Amino acid sequence: MHPYNRLPSSGHSTPSPPQSPLRSPRLRHSRSKGGRFTQAQQPGRTFPQRLAWLILSVLLRRQGIFLFAPLIYISSMLLYMGTVSHDVVPVIKHRPAAGSVYRSPQLFAKLRSDMDADNSSTDAISTIWKHSYKGGQWKPCISNSTGGLPESNGYIYVEANGGLNQQRTSICNAVAVAGYLNATLVIPNFHFHSIWRDPSKFSEIYDEEYFIKTLENDVRIVNKIPEYIMERFDHNMTNVYNFRIKAWSSIHYYRDTVLPRLLDELVIRISPFANRLSFDAPPAVQRLRCLANYRALRFSTPILSLGEILVARMRERSARDGGKYISVHLRFEEDMVAFSCCIFDGGSKEVEDMKAAREKGWKGKFTKPGRVIRPGAIRVNGKCPMTPLEVGLMLRGMGFDNSTFIYLASGKIYDAERNMAPLLEMFPNLLTKEMLASPEELSPFKNFSSRMAAIDYTVCLHSEVFVTTQGGNFPHFLIGHRRYLYGGHSKTVKPDKRKLALLFDNPTTGWKSFKRHMFIMRSHSDSKGFELKRPNDSIYTFPCPDCMCFTNKSNATKSSSAP
């Protein structure tokens with residue numbers, strides 16, 4: 001039967017026409033002159049084309065062969081790599097980031113001849129400080145209270161941990177807290193630390209009698225807690241309630257939380273106490289901090305006497321410069337180099353020494369799983385301690401010639417013979433406390449790190465220029481103390497170590513260019529000598545305006561000339 005069209009027509013049913021033959025897309029049609037269509041002639045295929053078409057047909061029909069394609073590809077690559085010489089494979093080298101590599105020795109070698117030939121001395125030590133503060137000056141204006149104190153609310157016993165100046169923070173903060181709570185402060189106990197290893201007591205570092213006398217109208221201070229109170233605790237301080245106070249707690253926390261317990265117990269213990277009081281506090285609290293730090297804390301007579309002797313000797317030797325000398329706080333001891341995790345030029349010996357020092361001082365801290373140490377990034381961020389060579393280069397670039405007298409405040413320098421040689425070559429008049437004092441003069445302090453640091457502190461305090469090379473409590477306290485003594489100006493060179501990292505990592509730098517950068521840095525230190533305390537700043541570094549008052553020179557002149 002033939003299929004019929006289901007659509008109605010003119011009453012007749014006609015069979016459907018046969019389907020048109022399928023047209024291949026490979027055929028092209030063209031119309032002949034007679035109106036008929038003819039198939040276009042195809043050009044003949046080449047042998048490679050026929051072979052490729054054959055392989056493709058087989059693959060399309062047998063799709064399972066694709067499972068073996070990865071194996072075929074890998075085998076082909078291995079055969080190819082076996083025929084290639086590894087000598088011609090390109091090696092991609094990653095260039096270290098600028099400032100991430102210690103190249104200061106190379107820079108020194110390049111600049112040495114030009115540095116030695118530079119005779120353009122400008123008497124740098126006498127002309128370095130030019131900046132003044134808005135036509136006036138800052139003067140100390142801390143006043144003691146007058147009259148007696150109300151009855152005490154109890155006794156506060158604190159344990160001051162850390163080194164010399166971290167302990168100093170604890171002492172001053174303890175005075176402020178005790179005064180605010182109307183409590184009696186027991187002379188702070190110094191906690192023995194495994195790093196500083198100094199068993200000195202308060203009276204062996206500070207003048208205890210002078211400390212108590214200076215604060216007598218502001219805070220009660222005693223040597224020990226009365227026996228009748230300690231009987232309640234079996235004469236054992238570990239039985240006394242110990243407050244574990246969070247770092248940087250506000251003074252209101254002491255009023256709301258510590259004071260009620262103090263009133264109940266009559267004696268409390270706070271251990272540890274370093275950095276347990278916020279930098280920002282009411283004026284009454286800040287006044288007590290100022291009074292404790294700048295007036296009441298005076299080094300013990302043996303320390304102060306030797307310190308003043310060394311200051312006199314430095315001034316005598318630098319008489320050519322009017323008795324003016326530079327002091328440098330250099331932190332390149334083994335523990336500091338190890339803690340920084342920076343890489344210098346000591347090779348494999350340095351690597352092994354630093355590993356051993358880190359394990360000894362901070363067992364396992366630097367080898368914890370997942371901890372990544374990037375020495376290059378540390379250097380770029382200006383966190384590496386400056387080497388003696390870098391300090392010498394910087395100071396020579398700032399215009400200080402090789403006749404300048406320098407006092408070096410430092411512990412035992414790592415690999416001192418090798419590392420100190422370039423600095424001594426640039427500044428042969430460099431002296432330390434060991435060079436200025438006789439062995440007999442130093443013997444009472446020799447095995448006590450805090451007492452030795454106190455001697456350094458005294459000599460640095462009275463220098464014309466103080467140079468800090470690394471952060472820490474020592475320079476922070478010293479900068480504040482110098483501002484207090486020198487009209488609000490710290491007279492301190494505080495280098496931009498990020499910029500220095502870039503300069504020291506460029507051995508192509510010329511002497512003139514290097515010197516220009518150092519003069520800019522020196523000028524910046526001068527302009528930043530006057531700085532006022534901002535929120536969250538330490539009053540021990542920025543005594544203005546809490547501990548000092550501003551005086552306009554014109555007003556001072558008028559008042560002095562008035563009859």
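Student: In which loop is Pro545 found?
Tutor: Pro545 sits in the loop between helix 22 (511–527) and strand 15 (548–552). Keep in mind that this is a predicted model.

Student: What is the omega of the peptide bond from Cys544 to Pro545?
Tutor: Omega there is near 5°, and the bond is cis. Most peptide bonds are trans. The bond from Ser271 to Pro272 is also cis, with omega near -5°. Pro272 lies in the loop between strand 9 and helix 10.

Student: What is said about the phi of Asp234?
Tutor: Asp234 has a positive phi of about 55°, although it is not a glycine. Most residues other than glycine have a negative phi. Lys491 is likewise not a glycine, and its phi is positive, near 45°.

Student: Where do Asp234 and Lys491 lie?
Tutor: Asp234 is in the loop between helix 8 (227–230) and strand 8. Lys491 is in the loop between helix 20 and strand 14 (492–493).

Student: Why does Asp234 count as exposed?
Tutor: Its relative accessibility is 62%. Exposed starts over 50%, so Asp234 counts as exposed.

Student: Why does Asp321 count as buried?
Tutor: Asp321 has 11% relative accessibility. The cut-off for buried is under 20%, so Asp321 counts as buried. Asp321 is placed in the loop between helix 11 (301–317) and strand 10 (326–329). Leaving aside residues up to four places away in sequence, Asp321 touches Asp123 and Ile125.

Student: Why does Trp248 count as partly exposed?
Tutor: Trp248 has 43% relative accessibility.

Student: What makes Phe202 and Tyr206 an aromatic pair that is tilted?
Tutor: Start with the general idea. A pair of aromatic rings is described by the distance of the centres and the angle of the planes. By this rule the count comes to 22 aromatic pairs. For Phe202 and Tyr206, the centres are 5.5 Å apart and the planes are at 40°. Centres must lie within 6.5 Å, and planes under 30 degrees apart would be stacked, while over 60 would be edge-to-face. The pair is therefore tilted. Both Phe202 and Tyr206 are buried.

Student: What angle and distance go with Trp248 and Phe279?
Tutor: Their planes are at 40° and their centres 4.9 Å apart, and this pair is tilted.

Student: Why does the pair tie together parts that are apart in sequence?
Tutor: Trp248 lies in the loop between strand 8 (242–243) and helix 9 (251–265), and Phe279 in the loop between strand 9 (267–270) and helix 10 (283–296), so the pair joins parts 31 residues apart in sequence.

Student: Which residues do ring pairs link into a cluster?
Tutor: The cluster holds Phe190, Phe202, Tyr206, Phe211, Phe299, Tyr457 and Phe474.

Student: How do you know that Lys491 lies over the face of Tyr486?
Tutor: Lys491 is at 5.0 Å from the ring centre. The limit is within 6 Å, along with a condition on the ring normal. Arg358 lies over the face of Phe366, at 5.9 Å from the ring centre.

Student: Why are helix 5 and helix 20 called oblique to each other?
Tutor: Two packed helices are described by the angle between their axes and the distance between the axes. Helix 5 (residues 164–180) and helix 20 (residues 473–485) pack at about 60°, with axes 7 Å apart. Roughly parallel needs under 35 degrees, and roughly perpendicular needs 65 to 115. Helix 5 and helix 20 are therefore oblique. Their crossing is left-handed. On the helix 5 side are Asn165, Gln166, Arg168 and Thr169, which meet Asn473, Phe474, Phe477 and His481 in helix 20.

Student: What makes helix 3 and helix 16 roughly parallel?
Tutor: The axes of helix 3 (residues 104–117) and helix 16 (residues 416–426) cross at roughly 15° and come within 12 Å. Under 35 degrees counts as roughly parallel, so that is the term for helix 3 and helix 16. Helix 3 passes helix 16 in a left-handed crossing. Phe108, Arg112 and Met115 of helix 3 make the contact with Pro422, Glu425 and Met426 of helix 16.

Student: How many helices and strands does the protein have?
Tutor: The secondary structure comes to 23 helices and 15 strands. Of the 563 residues, 43% are buried.

Definitions and conventions: Residues are numbered from 1 along each chain as its sequence is written. This is a predicted model: local features need pLDDT of at least 70, side-chain atom pairs count only at pLDDT 80 or more; totals for chains, interfaces and linings use all residues. Side-chain values use heavy atoms; hydrogens and water are left out. Rings of Phe, Tyr and Trp (its six-membered ring) pair if their centres lie within 6.5 Å; planes under 30 degrees apart count as stacked, over 60 as edge-to-face and the rest as tilted. Buried means under 20% relative accessible area, exposed over 50%, partly exposed in between (1.4 Å probe, protein chains only). Helices (H or I, at least four residues) and strands (E, at least two) are DSSP runs, numbered from the N terminus. A charge sits over a ring if NZ of Lys or CZ of Arg is within 6 Å of the ring centre and within 35 degrees of the ring normal. Axes are lines fitted to C-alpha atoms, for helices over the stretch in contact, and angles run from 0 to 180 degrees between N-to-C directions. Angles under 35 degrees count as roughly parallel, over 145 as roughly antiparallel, 65 to 115 as roughly perpendicular and the rest as oblique. A crossing is left-handed if the near helix is turned anticlockwise from the far one by less than a right angle, and right-handed if clockwise. Contact means heavy atoms within 4.5 Å.
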